[in-house]
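Biologist: Could you show me the model, and then we can go through it together?
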Amino acid sequence: MEDLKQAYATLGLPENATKEEVEKRYYLLMRQARAQGARRDHEEAGGNAVDFEAVNRAYKFIIEYDERKAQEQFKQSQYGKYKKMAGTAEKLDHFFHYYKFHLLGALVAVILIGFAVNSYLERQAQKAEEAKKPPIDVSVMFHGDFYLNNQNQDTEELEAALLSFFPEWKRIGAQITYDPSDPKNEFDIAATQKAVVMLMTEKSDVYILDRNSFTKLARQQLFQPLDEAYEQTLKPLLPSEAAALKTRSSEDTTDHIYGIDISGSPLVKSIPVVSKEMIAAIRADAKHPDKALLFIQRMLEGAKPEGTKPEGTKPEGTKPEGTSS
């Protein structure tokens, strides 16, 4: 190749010069050319004047030739095994190389769409199953340091246990929202954040709480006052006045009864929930407030102090009205 020979000759190098020798020679000639430019005030730079443009063209020609040669060698090593299909293989390789992120994005989009469709179908199936069930008579949320004592953490057993106390009802909904009173690790912090979301999105009728959760939420006006219900219905069922828990909300300076301690009820102790204490409260905007109150009353009836008589009964030895002595 005459052009290649001429390029090496312009740089003053043999044709078998290495790339490092070409680079070194080129930069040497460029320094000489700059030095030559600094002597422009002389009429002649001398017999060894460097042709700047010629050196650049020669260097560029050699570098481009080496790059083409390297590319051809690479193609031969990569696609030579495909023989006549080498061109097609190369085009496919280039396509996947340049569009791999587009393809990856499309794949992710397909996966997300599939996930969304699957989630939608699951929700529809859940709604269909939910429609087959009877409506919920009352919903209950256990909020605080509560655990289910079964292995699968399924609330069906809990719901069945609660419903057994109310033969007149058809269905009770129950949820467990773990909210640690003293978060100690990332898991506890995440559980607390989830509990806040559950309070905003899942509006249950009855809340069963530990004392820390009750105090915190009652001050936020989440629960309705139970003063009237206490005087009319609940007071005779409590072991002591201390079981009616009073506190003040953030906007009311007057103490009101917002919670009823049902921890001593045998009914409570028979449900599959682990907890040190249980305080019942009714949400301020409960969907079924009357049934929520009945829920608390029924739990307390199981804990009624010994010696108390149901309303309408007479002391032993009292003769029925209308009988003679």
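This is a predicted model: local features need pLDDT of at least 70, side-chain atom pairs count only at pLDDT 80 or more; totals for chains, interfaces and linings use all residues.

Biologist: How many helices and strands does the protein chain have?
Modeller: The protein chain has 11 helices and eight strands, taken as DSSP runs numbered from the N terminus (H or I, at least four residues, for helices; E, at least two, for strands).

Biologist: And what share of the residues is buried?
Modeller: Of the 325 residues in the protein chain, 31% are buried, meaning under 20% relative accessible area with a 1.4 Å probe and protein chains only.

Biologist: Which residues line the largest cavity?
Modeller: The lining consists of F142, L162, I208, I262, V268, I271, M278, F295 and M299; a cavity is a set of points on a 1 Å grid over the protein atoms alone where a 1.4 Å probe fits but cannot get out, and lining residues have an atom within 4 Å of a point.

Biologist: What is the space in there, and how do the lining residues divide?
Modeller: The largest cavity holds about 40 Å³, a volume being the space filled by probe spheres set on the points, which are joined across faces, edges and corners. Its lining divides into nine nonpolar residues, with no polar and no charged ones, where Ala, Val, Leu, Ile, Met, Phe, Trp, Tyr, Cys and Pro count as nonpolar, Asp, Glu, Lys and Arg as charged, and the others, Gly among them, as polar.

Biologist: Changing topic, is R298 buried or exposed?
Modeller: R298, which lies in helix α11 (residues 289–301), counts as buried because its relative accessible area is 18%.

Biologist: What does its side chain reach?
Modeller: The side chain of R298 reaches the backbone oxygen of F165 at 2.7 Å. Leaving aside neighbours within four places in sequence, R298 is in contact with F165, F166, P167, E168 and L267, contact meaning heavy atoms within 4.5 Å.

Biologist: Where is V50, and why does V50 count as buried?
Modeller: V50 sits in the loop between α2 (19–37) and α3 (52–79), and V50 is classed as buried because its relative accessibility is 11%. Beyond its neighbours within four places in sequence, V50 is in contact with L29, Q32, A33, Q36 and V55, and the C-alpha atoms of V50 and R31, 19 residues apart along the chain, are separated by 9.7 Å.

Conventions
Residues are numbered from 1 along each chain as its sequence is written. Side-chain values use heavy atoms; hydrogens and water are left out. On a 1 Å grid over the protein atoms alone, a cavity is a set of points where a 1.4 Å probe fits but cannot get out, and a pocket is an open set with protein on both sides within 12 Å along at least five of seven lines; lining residues have an atom within 4 Å of a point. Buried means under 20% relative accessible area, exposed over 50%, partly exposed in between (1.4 Å probe, protein chains only). A polar contact is a pair of N or O atoms within 3.5 Å; within protein, one must be able to donate a hydrogen and the other to accept it, and residues adjacent in sequence count only if both atoms are side-chain atoms.
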